[in-house]
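Visitor: Hi, I'd like to talk through a structure with you. Could you put it up?

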Amino acid sequence: MRPEDIEGLTVGGLLDLVHERRPDDEALVYPDRSLRYTYAQFREVVEDCGRALMSLGIEKGDHVAVWGQNVPEWVTLQFATGKVGAVLVTINPAYKSHELKYVLDQSDAAALFLTEGIRDANFLEILQDAVPELAEADDGKLSIEELPFLEHVVLMGAEPPTGLPVMSFGEFLKSGENVSDQDLRDRQDALDAEDVINMQYTSGTTGFPKGVQLTHANIVKNAFYIGECMKL
């Protein structure tokens, strides 16, 4: 791959390019789940995820938060948001309830994807502490006065507990079956490499964390030139 190959590419476009050139090479390996995706398989999962995001009503420019450790669904979300034009907001796994609520509010997150937790931190408990209204919400879209943009919570890597308006990742993917391949292509075609695709929060050591916005071009070129420097 050469520098001119990535000029003007979106994150979704980068996946399409590599898929076209090396569909049978391994794209994602996660030994803990005995998971191995070729680029062809990974692209299919990513597009399933992209259609599911669209089925939730996620529009271009909407913010989708992810909170957890390194899991395959995170990688899938990164590329899926790159195909639908949503902004992936990364949340620090060490956050407590007040920090979580701050970022969900400050980022205007429309959906939150989370894992069960890490070490002794139970993310669902922290979320309920941050948003007590969650337990009172009906199934379907959320309606939380203090977080007016947040409408969906999806649990990655496990089945959600009963009594909470939280869907599993499998249920989330299934919701995308009503969105056509053409709808997804049309959405991706409407994106530009200078669109914002990621929001990463600073550590906040001298104040509240600030959201740093990165474009498709930032992400793609950074990855490319790191690969060049490391002679990958």
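Visitor: Where does Ser34 sit?

Guide: Ser34 lies in the loop between strand E1 (26-30) and strand E2 (35-38). Keep in mind that this is a predicted model.

Visitor: What is the phi of Ser34?

Guide: Phi of Ser34 is near 50°, a positive value in a residue other than glycine. Most residues other than glycine have a negative phi.

Visitor: And is Ser34 buried or exposed?

Guide: Ser34 is exposed, with 71% relative accessible area.

Visitor: What about Asp108, which isn't a glycine either: what is its phi?

Guide: Asp108 has a positive phi of about 55°. Asp108 is found in the loop between helix H5 (97-106) and E5, and with 34% relative accessibility it counts as partly exposed.

Visitor: Let's move to the strands. How many residues of strand E3 are buried?

Guide: Five of the five residues of E3 (residues 63-67) are buried, so the strand is largely enclosed by the rest of the structure.

Visitor: Which residues cover which side?

Guide: His63, Ala65 and Trp67 are on one side, Val64 and Val66 on the other, and all are buried.

Visitor: What does E3 pair with, and in which sense?

Guide: E3 pairs in the parallel sense with strand E4 (residues 87-91) over five bridges, and Val64 stands opposite Leu88 in E4. Five bridges also join E3 to strand E5 (residues 109-114), again running parallel. There, Trp67 has Leu114 as its bridge partner.

Visitor: What do E3, helix H4 and E4 make together?

Guide: They make a right-handed β-α-β unit, with H4 covering residues 72-84.

Visitor: Switching to helix H9, which residues are buried there?

Guide: His216, Ala217, Val220, Phe224 and Gly227 are buried in H9. Seen down the axis of H9, the buried residues fall within an arc of 115°, so they line one face of the helix.

Visitor: How far apart are the end C-alpha atoms of H9?

Guide: They are 20 Å apart, which agrees with the 20 Å that its 14 residues (216-229) should span at 1.5 Å a residue.

Visitor: How many disulfides does the structure hold?

Guide: It holds zero disulfides. As for individual cysteines, Cys49 is buried at 0% relative accessible area, whereas Cys229 is exposed at 68%.

Visitor: Last one: where is confidence lowest and where is it highest?

Guide: Confidence is lowest in strand E6 (residues 117-118), with a mean of 90, and highest in helix H3 (residues 39-55), at 98. The mean pLDDT of the protein is 92, and 96% of its residues reach 70 or more.

Methods:
Residues are numbered from 1 along each chain as its sequence is written. This is a predicted model: local features need pLDDT of at least 70, side-chain atom pairs count only at pLDDT 80 or more; totals for chains, interfaces and linings use all residues. Side-chain values use heavy atoms; hydrogens and water are left out. Buried means under 20% relative accessible area, exposed over 50%, partly exposed in between (1.4 Å probe, protein chains only). Helices (H or I, at least four residues) and strands (E, at least two) are DSSP runs, numbered from the N terminus. Two strands pair if DSSP finds at least two bridges between them. A crossover is right-handed if, with the strands pointing away from the viewer, the path from the first strand over the helix to the second runs clockwise. A disulfide is a pair of cysteine sulfur atoms within 2.5 Å. pLDDT is the predictor's confidence in each residue, from 0 to 100. The expected span of a helix is 1.5 Å times one less than its number of residues. The arc is that of the directions from the helix axis to the C-beta atoms.
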